[in-house]
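Hi,

Here is the structure I said I would pass on. My notes on what turned up follow just below it.

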Amino acid sequence: MRIVLLGPPGAGKGTLATAIKDNLGLLHISTGDILREEMKNNTPLGQEAKRYVESGGLVPDELVTRLIKNKLENDPKAKKGFLMDGFPRTLKQAQDLDKILVDLKMPVEWTLCLEASLDVILQRLTGRRVCKSCGAVYHVKNMPSKKEGICDKCGGVLYQRTDDNEATITNRMKVYTESTKPIIEYYKTQGKLKVLNADKEAQEVKELALKNLNG
Ligand code: AP5
């Protein structure tokens, strides 16, 4: 299966992808995770991405599309199916992704759009904690680690993303409304859109997603 996950910052795209990728045997491709890894390793790409990510703006289309093209062409797991999380984020990225996937003969099958209300989004983003070592995602209230500040999976230290502060979240929401929301219509026109209520708790969202994909 080849799936695109859409939805505002903090709607739970990464959490859902992690929860269903093994059920469906899919490769989870997150542009946010790839960019943060590059930033952590201080690569030239990471240095260029940093200023956009930290202000909540978008990294240039050409740069992220190149990353995705490379991943889709060279990771053998992508051939078996993928869950795209955080890409595409502009109409241009969506059109370019279609071209890449037509060439590879593996077009997008479904787009799951996670809808969440603003108060839920703010609560999720301000309480999110991420493992520095393995990238596992927690929430101080909704999904706390067993030992405060320590990852259950690998014992790594949990941190708060630099873009999870109020000013940057406001900008990320603005960018989402202006640049990313129009993509919903793009996939709707293609008959590939399924909308999920992501205000619900994580297990329910997972069940809803699997029901939609298998139904
Ligand atoms: P990215 O990392 O993609 O950020 P985002 O889209 O803002 O999404 P988030 O990761 O914040 O949220 P999410 O929906 O995955 O929520 P999560 O599951 O973690 O991108 C970061 C930046 O990189 C961008 O701002 C941009 O600069 C750049 N970038 C990335 N892709 C780009 C592109 N294609 N083009 C240009 N620039 C790009 O959940 C959030 C919290 O809520 C967690 O704590 C979780 O535990 C909790 N939670 C999740 N679901 C539930 C639930 N159902 N119930 C209760 N709690 C929940």
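One term before anything else: buried means under 20% relative accessible area, exposed means over 50%, and partly exposed is in between (1.4 Å probe, protein chains only). Keep in mind that this is a predicted model, where local features need pLDDT of at least 70, side-chain atom pairs count only at pLDDT 80 or more, and totals for chains, interfaces and linings use all residues. Residues are numbered from 1 along each chain as its sequence is written, and side-chain values use heavy atoms, with hydrogens and water left out.

By that scale Glu38 counts as partly exposed, because its relative accessibility is 21%. Glu38 lies in helix α2 (helices are DSSP runs of H or I, at least four residues, and strands are runs of E, at least two, numbered from the N terminus). Its C-alpha atom is 27 Å from that of Pro144, 106 residues apart along the chain.

Now the ligand. It has 37 residues around it, and the closest are Thr15, Gly57, Arg89, Arg128 and Arg172; a residue gets in if one of its heavy atoms lies within 4 Å. Helix α2 turns up again here, giving the largest share of that shell, four residues. By type, the shell divides into 16 nonpolar, 11 polar and 10 charged residues, with Gly counted as polar.

For polar contacts, read pairs of N or O atoms within 3.5 Å.

- Gly57: a backbone N or O atom, 2.5 Å from a ligand oxygen
- Arg172: a side-chain N or O atom, 2.6 Å from a ligand oxygen
- Ala202: a backbone N or O atom, 3.2 Å from a ligand nitrogen

The ligand alone exposes 1,000 Å², and the protein buries 96% of that (Shrake-Rupley areas, 1.4 Å probe).

What about aromatic rings? Rings of Phe, Tyr and Trp (its six-membered ring) pair if their centres lie within 6.5 Å, with planes under 30 degrees apart called stacked, over 60 edge-to-face and the rest tilted. That rule gives one aromatic pair. The ring centres of Tyr186 and Tyr187 are 5.3 Å apart and the planes are at 80 degrees, so this pair is edge-to-face. Tyr186 and Tyr187 are both buried.

Lastly, Lys194 sits over the face of Trp110, 4.1 Å from the ring centre; the cut-offs are NZ of Lys or CZ of Arg within 6 Å of the centre and within 35 degrees of the ring normal.

Cheers

Notes: A polar contact is a pair of N or O atoms within 3.5 Å; within protein, one must be able to donate a hydrogen and the other to accept it, and residues adjacent in sequence count only if both atoms are side-chain atoms.
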